[in-house]
Number of protein chains: 2
Amino acid sequence: MSADHPQPPPPATLPERKTLDQRNAMSELERLRHSCAHVMATAILRLWPEAQFAAGPPVENGFYYDVDLGHRITPDDFPAIEAEMKREIKANHVFEKRVVSREQAVRDAQSGRLGGLGERPGNPSRYKLGNLAEIPEGEPISYYRNGDFLDLCAGPHVGRTGNLGAFKLTAVASAYYKGDEANPQLQRIYGTAFKTRTQLEEWLRMQEEARKRDHRKIGAEMRLFILDPDYTGPGMPLWLPKGTVLVEELEKLAKETEFAAGYVRVRTPHLAKEKMYVTSGHLPYYAESMFPPMQVAEEGEPGGADGASRGAVQGDRYYLKAMNCPHHHRIFAAEPRSYRDLPLRLAEYGCCYRYEQSGELFGLMRVRSLNMNDAHIYCTEDQFADEFRAVNDMYLKYFKVFGLEKYQMRFSTHGKEGLGRKYVGEPELWLKTEAMVRRVLQDSGINYVEVANEAAFYGPKIDVQVWSAIGREFTIATNQVDFAVPARFGLVYHDRDNTDKTPLCIHRAPLGTHERFIGFLIEHYAGNFPLWLAPDQVRVLPVTEAQLEYARGIVEELRAHQVRAELEYSNDKLQGRILRAEEARVHHILVVGQREQEAGAVAVRIHGHGHQGVRPRAEVVSEILAAIRERRA
Amino acid sequence: MSADHPQPPPPATLPERKTLDQRNAMSELERLRHSCAHVMATAILRLWPEAQFAAGPPVENGFYYDVDLGHRITPDDFPAIEAEMKREIKANHVFEKRVVSREQAVRDAQSGRLGGLGERPGNPSRYKLGNLAEIPEGEPISYYRNGDFLDLCAGPHVGRTGNLGAFKLTAVASAYYKGDEANPQLQRIYGTAFKTRTQLEEWLRMQEEARKRDHRKIGAEMRLFILDPDYTGPGMPLWLPKGTVLVEELEKLAKETEFAAGYVRVRTPHLAKEKMYVTSGHLPYYAESMFPPMQVAEEGEPGGADGASRGAVQGDRYYLKAMNCPHHHRIFAAEPRSYRDLPLRLAEYGCCYRYEQSGELFGLMRVRSLNMNDAHIYCTEDQFADEFRAVNDMYLKYFKVFGLEKYQMRFSTHGKEGLGRKYVGEPELWLKTEAMVRRVLQDSGINYVEVANEAAFYGPKIDVQVWSAIGREFTIATNQVDFAVPARFGLVYHDRDNTDKTPLCIHRAPLGTHERFIGFLIEHYAGNFPLWLAPDQVRVLPVTEAQLEYARGIVEELRAHQVRAELEYSNDKLQGRILRAEEARVHHILVVGQREQEAGAVAVRIHGHGHQGVRPRAEVVSEILAAIRERRA
């Protein structure tokens with residue numbers, strides 16, 4: 001890799017968001033939704049002919065159109081707009097395309113026709129004029145017309161307005177023209193559309209369920225985490241005791257799983273000097289996604305045997321780490337390595353910091369502090385296939401633990417044209433590694449799609465998508481193969497043939513980050529976590545004071561086995577205490593009255609499943625311990 | 001607490017270093033050592049009459065004298081110097097004190113007599129002139145003379161040179177005059193002295209043992225950690241796999257111990273906005289001990305339900321956290337608290353960052369990244385004594401786990417004069433809390449000393465000192481009571497009497513930081529950790545290939561119980577493999593030959609204890625599991 005050309009984005013263990021323009025072409029559904037946006041504009045103009053429109057694209061889950069209107073639109077206006085939309089659909093107008101000259105388009109915008117139902121003297125289409133100005137000279141300019149409504153639009157659209165299926169307006173928000181705060185503020189009206197009413201209803205039902213399962217809502221109800229933007233800063237969750245249980249149970253699961261798979265663990269600081277990220281290639285190209293540096297005035301008095309820096313360096317910059325790989329590479333480099341030491345699997349629950357734009361932050365799903373279930377596997381080419389297979393097996397194991405039935409791996413490969421520019425120039429290594437990855441995916445019977453020309457700079461990658469219990473898709477993790485960065489750090493192992501070779505490196509984070517994974521799990525389980533994961537595992541309720549000691553004994557027995565068990569006794573009626581425990585999503589509620597005490601038994605309730613009968617105390621205790629140990633669903 | 005007066009240093013969970021001048025007066029031993037420094041100067045002048053002396057104080061473990069000489073002194077010169085010193089001691093000269101005028105002193109320095117054996121024309125005592133200039137006008141100026149040697153000195157000294165006991169020169173290093181790099185570089189010659197030869201020899205033996213047990217040396221041999229000053233930065237250890245085992249075993253111990261003691265755990269980010277540390281009082285007074293801020297250009301787009309900051313703030317500074325308390329206080333503040341919620345014990349293994357001067361950094365003992373076994377206990381005044389007792393019990397429990405037989409708690413109380421300035425102005429609370437602490441210490445039979453006028457600003461504190469197996473003292477932890485900071489964060493609980501009250505807060509960190517505590521444990525155990533803590537717990541060595549499967553079965557059985565067990569089979573002779581395992585400090589070495597396999601047995605070796613006999617496999621496995629579970633010494 002030559003040092004004189006800019007590097008594309010560096011190792012990002014979290015997947016990047018897909019933007020619309022990264023997709024190859026507009027899908028059928030997107031075309032439908034795009035057409036629906038035009039129909040919505042038509043309807044709005046019928047109601048308020050002075051309306052001015054800016055952009056109206058399809059987006060994930062629907063479409064929007066930005067509108068400038070003298071008054072505020074609210075959801076109360078939606079039925080009237082929808083009624084006009086239905087009329088336009090019933091009229092079954094053709095979507096007609098026409099290519100025009102720039103002069104013609106400017107004239108039509110000035111007359112108010114563009115984005116209107118006809119000429120509007122004194123009301124020129126000011127946002128369409130702005131949009132026109134952004135179309136480069138020489139590019140074709142096209143209109144789409146449906147009925148009276150004429151719009152500046154590159155298309156494509158469905159054939160006729162009558163082809164539109166089921167639709168619904170969903171929300172209104174404000175947005176700046178072209179996303180620039182210096183521009184006028186517009187109203188963004190959101191809607192969605194599907195081919196059939198059944199699909200729309202299914203989607204609406206899922207949305208409703210997702211709202212109920214919103215991880216921010218449940219997170220607050222269950223006191224799992226808080227955000228403290230004024231003191232700690234936005235996007236950096238503070239885990240409350242019950243949320244910390246989730247974090248630590250996931251860590252425990254990962255540590256046990258990784259121990260069994262032959263990983264070893266390391267711990268590295270949360271910052272490093274500029275030199276680290278210049279070497280890795282993150283600086284300067286990734287700088288805007290990192291927190292700004294800490295500039296220290298001077299550094300490096302003559303050091304002693306403690307390893308302090310030798311020689312005076314005037315000034316130094318420290319950066320918070322945005323990824324763990326460079327630190328792990330330095331650990332690899334810390335001793336001479338032989339082929340006998342490989343594969344070396346270094347795991348760390350490393351906390352990284354990324355400076356996401358504050359407008360992008362979203363609960364636990366997009367944050368600035370990321371606790372990553374990270375590991376880097378250094379291996380030879382010969383070992384690669386086995387290591388990669390083992391990583392996949394680990395994914396499948398986790399899917400099983402969490403009852404994830406639907407998943408997909410998105411396998412991104414290189415594009416030939418980008419070799420040496422977008423992709424590191426190792427054509428044979430690309431083909432060979434991609435073939436190995438493909439074979440492993442096929443052999444394991446894993447559900448995957450292959451996407452050309454979307455690999456990382458330094459190797460092929462796999463994004464892991466899972467679907468929650470209510471059918472929503474989440475991208476939770478990435479696997480990446482890295483040909484390039486180990487060489488930048490001068491990593492070598494001494495091979496059998498007495499030469500030094502650069503190891504391959506697999507970046508992998510099957511549980512992604514605590515933040516996003518827990519956000520996902522909250523929705524997946526609707527906060528009703530399985531026993532091993534439940535913040536409140538057991539609550540013992542003595543009916544009267546006479547059972548207090550018996551109840552306390554059960555709690556102590558369970559707590560001696562690290563079970564999160566509590567006693568609740570108060571003068572409140574039993575029913576009230578049971579209700580409170582159910583509201584708090586306590587997994588096992590054990591009620592002990594006089595009869596239970598005399599029989600050495602407990603009455604078992606399981607959260608959400610009601611009364612399970614009276615059973616011997618010892619049996620219940622050992623079943624609780626087994627369910628936790630085996631991480632039963 | 002009024003906001004308009006500067007606060008003294010804020011919560012520092014790590015104890016501060018004691019400097020010599022903080023001690024009340026020169027002890028008998030210090031006087032002896034100080035006199036020995038004069039005798040050493042006398043001896044050096046006998047050998048090299050042109051020598052110029054700067055400062056010669058007693059220090060911890062000995063004394064030094066800074067000397068300017070035309071040539072380099074090396075340890076090879078020590079015998080000659082020591083021989084001259086013995087002559088001076090045999091001469092049994094009186095240490096004579098004389099108070100002189102400044103003019104007299106300047107004349108004697110110009111003539112070369114001060115710090116000399118007589119006048120030295122053309123060789124004035126330039127450092128003594130510099131020292132004289134630093135004595136404020138009006139302060140008495142005094143000389144000490146022994147034999148021909150005349151020195152500028154405030155004393156005190158022993159009566160005669162013959163009173164000096166056993167001494168030894170130990171080292172030579174370089175030092176700038178008055179510690180200022182702009183000044184000339186001098187040679188600092190170190191020595192030590194004791195009242196008796198036995199004491200000296202005991203100390204030398206301990207020094208030798210401490211050198212063998214040096215945590216940096218053993219840390220490198222055992223591959224526990226590295227420092228990477230150029231990339232990660234000085235003072236920030238990277239824990240290698242075997243060191244990470246130590247870290248995680250300590251965390252596990254702390255988590256289990258704290259779970260049993262009713263703590264709950266939280267997890268907080270490693271940084272916070274400036275506002276956090278202005279509120280806590282750390283800024284600006286503690287700023288120089290913190291890493292410099294990260295200045296972000298702009299922050300705070302209008303936030304959504306995800307809690308992003310509302311309202312535009314122009315620019316913001318983020319600081320790495322130097323202590324966990326402010327984050328915990330914000331968690332306390334996150335919900336309304338009632339007296340029923342107290343005591344609330346929030347624990348976190350929080351990683352903090354402090355910008356220690358690079359010259360102060362020392363292996364794991366003084367670092368910039370501190371993984372702290374931290375917790376904050378919020379309680380009412382009524383609960384304080386019980387909570388404080390429970391904290392002490394936890395210390396004693398830990399001492400037992402690590403076989404620490406000698407410890408001392410140093411209980412620092414307020415001084416009346418400092419109330420409202422050096423100490424928060426709550427005289428009754430001081431007296432009351434100190435009385436409670438004192439009573440708990442007495443009731444628990446804990447070995448402690450009480451030191452007046454050394455409390456923290458916000459409450460009494462206890463430094464915990466322990467002695468390693470070779471008798472060296474370490475300060476590993478602090479307990480602090482905090483009256484003041486919870487109020488700064490507006491923390492309140494709603495009390496029985498329907499009023500809001502500020503809770504007391506106990507800061508406690510019984511295991512101190514991973515870094516220092518592991519540094520201590522390495523010396524304490526000389527790297528020969530007990531089984532539960534040993535990075536390499538078990539290594540199974542099959543004698544020939546025929547036992548490979550049997551050996552593998554034992555390893556797998558142990559690993560299924562999370563035991564760190566490995567198989568080692570190679571063509572190397574058994575003795576060589578045993579030696580290698582002993583060198584690597586593997587705790588249990590299990591050798592299996594044909595006889596052992598046939599008998600379902602293993603031959604057990606314990607590191608440092610040799611062969612333990614052939615015993616049934618099942619018995620050995622269950623004993624290993626029990627020793628780990630019970631954390632046997």
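This is a predicted model: local features need pLDDT of at least 70, side-chain atom pairs count only at pLDDT 80 or more; totals for chains, interfaces and linings use all residues.
**View 1. The ring pair of A:Phe53 and A:Phe149 in chain A**. Over all chains, the structure holds 46 aromatic pairs. In the pair shown here, the ring centres of A:Phe53 and A:Phe149 are 6.5 Å apart and the ring planes stand at 75°, so the arrangement is edge-to-face. Because A:Phe53 belongs to strand β1 (residues 52-53) and A:Phe149 to strand β6 (residues 149-152) of chain A, the pair ties together parts that are 96 residues apart in sequence. A:Phe53 and A:Phe149 are both buried.

**View 2. The ring pair of B:Phe474 and B:Phe520 in chain B**. The centres of these two rings lie 4.9 Å apart; the planes of B:Phe474 and B:Phe520 are at 70°, an angle over 60 degrees, and the pair is therefore edge-to-face. B:Phe474 is located in strand β20 (residues 473-482) of chain B, and B:Phe520 in helix α13 (residues 514-525) of chain B. The pair thus links distant parts of the chain, 46 residues apart. Both B:Phe474 and B:Phe520 are buried.

**View 3. An aromatic cluster in chain A**. A:Phe402, A:Phe474, A:Phe517, A:Phe520 and A:Trp532 are joined into a cluster by ring pairs.

**View 4. Arginine residues over phenylalanine rings**. A:Arg559 of chain A is positioned over the face of B:Phe259 of chain B, at 4.0 Å from the ring centre. Within chain B, B:Arg337 lies over the face of B:Phe332, and the distance to the ring centre is 5.2 Å.

Key. Residues are numbered from 1 along each chain as its sequence is written. Chains are lettered from A and ligands numbered from 1 in the order in which they are written. Side-chain values use heavy atoms; hydrogens and water are left out. Rings of Phe, Tyr and Trp (its six-membered ring) pair if their centres lie within 6.5 Å; planes under 30 degrees apart count as stacked, over 60 as edge-to-face and the rest as tilted. Helices (H or I, at least four residues) and strands (E, at least two) are DSSP runs, numbered from the N terminus. Buried means under 20% relative accessible area, exposed over 50%, partly exposed in between (1.4 Å probe, protein chains only). A charge sits over a ring if NZ of Lys or CZ of Arg is within 6 Å of the ring centre and within 35 degrees of the ring normal.
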